[in-house]
Amino acid sequence: MPPRKKAKKGRHHTQLEEDTQECESSLQIATLPQLKCGLTQLPAELQLQIYSHIGLRDLYNLARTCSDLRHFCLDRSTERLWATAHRNSPDLPKCPSSMSMPAFAHLLFSRTCQECGRGGVSEAVWPWLVRCCLKCLGKQAYTLHRARDLLNDLDPLLLDREAKRQLTDYEKAVIGDLFCVTDIARGQGVQKARFDSFVAEYSRLPRPVAAATRSQIVSKQTARTKALSRLRAILSRWSNGQRRAEEIRRQQQYEVQKERRFVEIIENLKHTGWGEEIDLVGSESIREQMLWKLDKARASTVTERDWERAIKAAESSVQAIRKERYLQRLKPRFAKLYDVMVSHLVPLPRTIDAESNRPNFLDLAPMDECRSLVDVPATEEIAPQRYDEVVAAAALRWMTERKREIGEVLSPHVGDVADGVDIADLAISVFVCCGFIGQWRRDDGSVCLLRYPGVLGHKCLRPYEDETGADSYAGAVRSFASDRDGYRRSEKYASTFSVVDHEDTAMVVRKMRAIVVGLGLDPRCATFDELQRSDRRVRCLKCVEEGREDNVYTWEAALSHSLLGPKGWKSQYIIPLHDFWELVPEDQMQRVRQLEKAAHAEPVEQGDWFCALCYHNEDGWNPRRSDIYKHLVTSHKIKEPEDIAHKNGLCFSLPSHHCGRGIHIRSPVPYLNH
């Protein structure tokens, strides 16, 4: 059935109407198939009107929708339809005369190999006007070595020199002038079709080829190559522009999606109870926290896991704000509690013993008694005497619990204890610093010995605590203590005896028992005070037997010697068996005390100094004795402190041997048996 007659039009026809008319007349030869598609069921004139208004990309995509439309669009009778679509896309480069319009559209817009149909070919080979995968590209190319050999076989005068095994720069330049060279899987190559065309054309020339004829055909081939190079530059610029436009479009789309997702996240946070914190910090700050997780991410690469990280960052931000607000609410009561603790626990003037056995803020503040004073509404008033009562009770409970823990640690190793004697007070109840397992030796070759109550302040009993999962109050206590002036970094965590090594403790108690027996005391009932008052000394029988130095040891020096062995012991991980002791006779003690007086004298300037009239030194201030004297003059108005400060206890030092709050180990002296 012939198509319906067209309505009469004016005398002025546009180029678009002329193209449509020609395409309509061509449909009498190539009629559209009867398809179920609604588009193809439209009248032919209407379809041509629709197709004549779309661009080349849309027409190419339309031809790929189904086989029927592909057969129709690729029919020779519809060539003018492709030309019209190309004119409807003014940003496209001009189609080369050697290519059909559908092939040019495939070159520009397709992502599949034109030979094997494999996808993922993101970039065309513009010098050759093909879009191929690497495998097919290699089949369509000659390597430069192969091209050089073929040209020499065709006419050795084309390269004007004898061929060598190694390709020279001159030969590369000549081949590059004659043919477009591009990268292939095996290096660089030339297009096989254009190369074969040139060879066929050259082979038809009469032999021998005249120099003028050779020059003419070479110039003609060079001109073709230059034209292709100019076309390649145009197509490359267009392709780069399309790529940049696509990136901008994707980025804009990503920004829209990201903004919509940000709004959803913030609204969900408000509905889950974080509205007050979000209003306080502002939505922009939350947005920056999420952007930090999604920085430099594109819409195509941002996954749900990335958004989960962004949501966690937003939640962490509002949680930090809530913790800070909580801390600010508790800070005044924390300050009051801290001042009461200092006034109750730090008697003035201070001493070395007072420094070593008192709890700190992190020990007492988490207790329920102290929390009942701090974590209450701001409107609730608490009497000052209530603070004093609670702190005193909390400190007493803390000391009782720590002493009980010491007993639990020592009881499996101490054995029988006399009635009425506390395990912590026994002379054999000594600990070794377990900060480095299996290594007790200090830099000066000694060990760190600890006992109650000085062991309570040892830094190794305040290990790092994982704050994950801690409640808000515990975090507020730690934050306040960290910001408080004068707060020691070694006291950053609460004291605990769970880190004590039981094997080390058993070994030290066993060695200390042998020393106490050697001193003539009963290890079942001898207390540390009795050990100090006895003022006795022992000799190492193992050293005497082995012919080593015969020295006189105090109890702490004997324990150090038993742990580390004699001077020159090669390994600090092997425990020597120096556990046999003999008491030094009383008639030798006068001479021993004279030798010890000279050997145990320590320079006064060693160690860190502290003012006994202040609760603590300023944070980061480690003064020497002269600095303390200046402090006494400027802060406490004490005249001539050099004469009275040390004598009256206005200042004291933690000497170098007291570092780590360990027991001072007095060095041994030679034994004189004559």
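User: What makes two strands a pair in this predicted model, and how do S6 and S8 pair?

Analyst: Two strands pair if DSSP finds at least two bridges between them. Strand S6, residues 538-540, and S8 are joined by three bridges in the antiparallel sense.

User: Why are S8 and S11 called edge strands?

Analyst: An open sheet is formed by four strands in the order S8-S6-S7-S11, with antiparallel pairing. Strand S8 (581-583) and strand S11 (669-670) each pair on one side only, and they are the edge strands.

User: Which helix lies across S6 and S8?

Analyst: Helix H19, residues 502-518, lies across both strands and runs at about 25 degrees to S8.

User: Why is Leu42 called partly exposed?

Analyst: The relative accessible area of Leu42 is 31%. Buried means under 20% and exposed means over 50%, with partly exposed in between. Leu42, at 31%, lies between these limits and is therefore partly exposed. Leu42 is located in the loop between helix H1 (15-26) and helix H2 (44-51).

User: What makes the nonpolar surface patch that includes Leu42?

Analyst: Leu42, Leu46 and Ile50 make this patch, which covers about 210 Å². Patch residues need over 30% relative accessible area, and Leu42 has 31%.

User: How many helices and strands does the protein chain have, and what share of its residues count as buried?

Analyst: The protein chain has 25 helices and 11 strands. Of its 674 residues, 42% count as buried.

How values were computed
Residues numbered from 1 in each chain as written. Predicted model: local features only at pLDDT ≥ 70, side-chain atom pairs only at ≥ 80, totals over all residues. Heavy atoms only, no water. Contact = heavy atoms within 4.5 Å. Axes fitted to C-alpha atoms, helices over the stretch in contact; angles between N-to-C directions. Patch = residues over 30% accessible without salt bridge, like charges linked within 9 Å, V, L, I, M, F, W, Y side chains within 5 Å. Areas by Shrake-Rupley, 256 points an atom, 1.4 Å probe, with all protein chains shown as cover. Salt bridge = Lys/Arg side-chain N within 4 Å of Asp/Glu carboxyl O. Buried < 20%, exposed > 50% of the residue type's maximum accessible area, 1.4 Å probe, protein only.
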